[in-house]
Amino acid sequence: MTKAGKLIYITGGARSGKSSFAERQALRLSGHAVTYLATAQAFDGEMRARIERHQSDRPAEWITLEEPLDVVAALQTAHTPTVLLDCLSLWVSNLMLAEREDGEVLARVDDLLRHNSATLIVVSNEVGLGIVPDNALARRYRDLLGWANQHFAAAADEAHLLVSGLPLRLK
Amino acid sequence: MTKAGKLIYITGGARSGKSSFAERQALRLSGHAVTYLATAQAFDGEMRARIERHQSDRPAEWITLEEPLDVVAALQTAHTPTVLLDCLSLWVSNLMLAEREDGEVLARVDDLLRHNSATLIVVSNEVGLGIVPDNALARRYRDLLGWANQHFAAAADEAHLLVSGLPLRLK
Amino acid sequence: MTKAGKLIYITGGARSGKSSFAERQALRLSGHAVTYLATAQAFDGEMRARIERHQSDRPAEWITLEEPLDVVAALQTAHTPTVLLDCLSLWVSNLMLAEREDGEVLARVDDLLRHNSATLIVVSNEVGLGIVPDNALARRYRDLLGWANQHFAAAADEAHLLVSGLPLRLK
């Protein structure tokens, strides 16, 4: 039940190069022995195109798991030394859309931190640096993801902010 | 009329850990001898909940002043060695909603910088890193807060950007 | 056809002090021998006011070129040792509004990187750190500018993120 694996936290805005940076880190740490744990769900053609574009960028030898909600269970089926979770922000969004309460979402996030035995590289998003959104759901998501990000960043051994494809070391 | 106190400027996005970081700095500098100068006004239940959640996180011995508009006068009534102003971004918003012109808002901001004799810790927000907002009021706020932030950051002895709860030193 | 000039990339949010920082760099490097290459187009009074406010801040000796679309050709007419391009983000927006495809926009961006013989200082914007925009055009712009920014930042000799008027060195 205790965290043993190394945690690398990578955050940034949309199209800031987070996923590419995370993939380079995974490749450097474990070569082809990487599990890619995807939380994305293709609701429409735009999302499907994003997912496929990302897939074709990754080494063919990597194992891909797709799990929008029960990410903790999926992580426990991974047997590679490194797991890349892409991304925390969609996982939080999926849990919210599945009508989980805030406390439950954060409890799942903390579960993940406790059940991690591999080296875990986590990609997330910064969504709180614009004007306050008009709609309440977007404000709730912004708060909830902000807290989830803080939990991960606090527990992380390394943390990086990506800006225009370049990393800034946070920790 | 001249600034004598130390100025610590803390900025970041929503839920980036700015207030917690500012409170830890205040506690470290002055223990229980801190005035907390709040600019928040509770217009609705959501805002009231935010204010109360923040209050319960602070030491009970801290003196709390609430002042949405005349922050300069409120600051002069404080007698503790450290004052924590949370936050500049709501103060600017309050002044805008009270129909002050841009020049007048920035003049008030500069007054604060001149009348500060305590150690002043100021929390603000970054709101300019999203897509250009559709409505003109939001764009005006984004500009005005951006200028106010620049005035404070330029005058600051220390400046920090919070990301996912972790500080990046700006100055 | 090969890039020979130095490239300085400057990014940040709205009102973060990017243009002022870029102008100070240009002044420091080349004094009055600077070409200011503006991509802004005044569609309305608000934009015209922004353009004029910026112009009056710059040295009168600087040469100003205004070119919303064919920035590569405009750059080749510049004969000063330093060119300041302000800004990449509006150029990308102008190309999108002129109905160029994504691939064509990025090809133009890469052309600029290849045809640069002067010291080129490029200002851009970070627009991907807020909530995902509702409208598809804004999402497309966010993606496209993110990629353009990554191309410039990767090619840059120096890169800076401006926050509240203060620079963070990215590279």
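**Salt bridges and the B–C interface**

User: Which side chains meet in a salt bridge at 3.0 Å, N to O?

Analyst: In this predicted model, the side chains of A:R15 and C:D143 meet in a salt bridge, at 3.0 Å from N to O. A:R15 lies in the loop between β1 (7-12) and α1 (18-30) of chain A, and C:D143 in helix α6 (residues 136-155) of chain C, so the pair joins two chains.

User: Is A:R15 buried or exposed?

Analyst: A:R15 counts as buried, at 13% relative accessibility. C:D143 counts as buried too, at 10%.

User: Now chains B and C. How many salt bridges are counted between them?

Analyst: The count is one. C:R15 pairs with B:D143, and their closest N and O atoms are 3.1 Å apart.

User: Which element gives the most to the side of chain B that touches chain C?

Analyst: That is α6(B), with eight residues. By class, this side of chain B has nine nonpolar, six polar and six charged residues.

User: And how much area is buried there?

Analyst: Chain B and chain C bury about 1700 Å² between them, with 63% of it on carbon and sulfur atoms. B:L129, B:I131 and B:L170 supply 37% of the area that chain B buries against chain C, more than any other three residues.

User: Back to salt bridges. Which residues of chain B are linked in a network?

Analyst: The network links B:R100, B:E104, B:R108, B:D111 and B:R114. Within it, B:E104 and B:R108 meet at 4.0 Å, N to O; both lie in helix α5 (residues 102-114) of chain B, four residues apart, about one turn of the helix.

Conventions:
Residues are numbered from 1 along each chain as its sequence is written. Chains are lettered from A and ligands numbered from 1 in the order in which they are written. This is a predicted model: local features need pLDDT of at least 70, side-chain atom pairs count only at pLDDT 80 or more; totals for chains, interfaces and linings use all residues. Side-chain values use heavy atoms; hydrogens and water are left out. Buried area is the accessible area (1.4 Å probe) that two parts lose on being put together, summed over both. Ala, Val, Leu, Ile, Met, Phe, Trp, Tyr, Cys and Pro count as nonpolar, Asp, Glu, Lys and Arg as charged, and the others, Gly among them, as polar. Buried means under 20% relative accessible area, exposed over 50%, partly exposed in between (1.4 Å probe, protein chains only).
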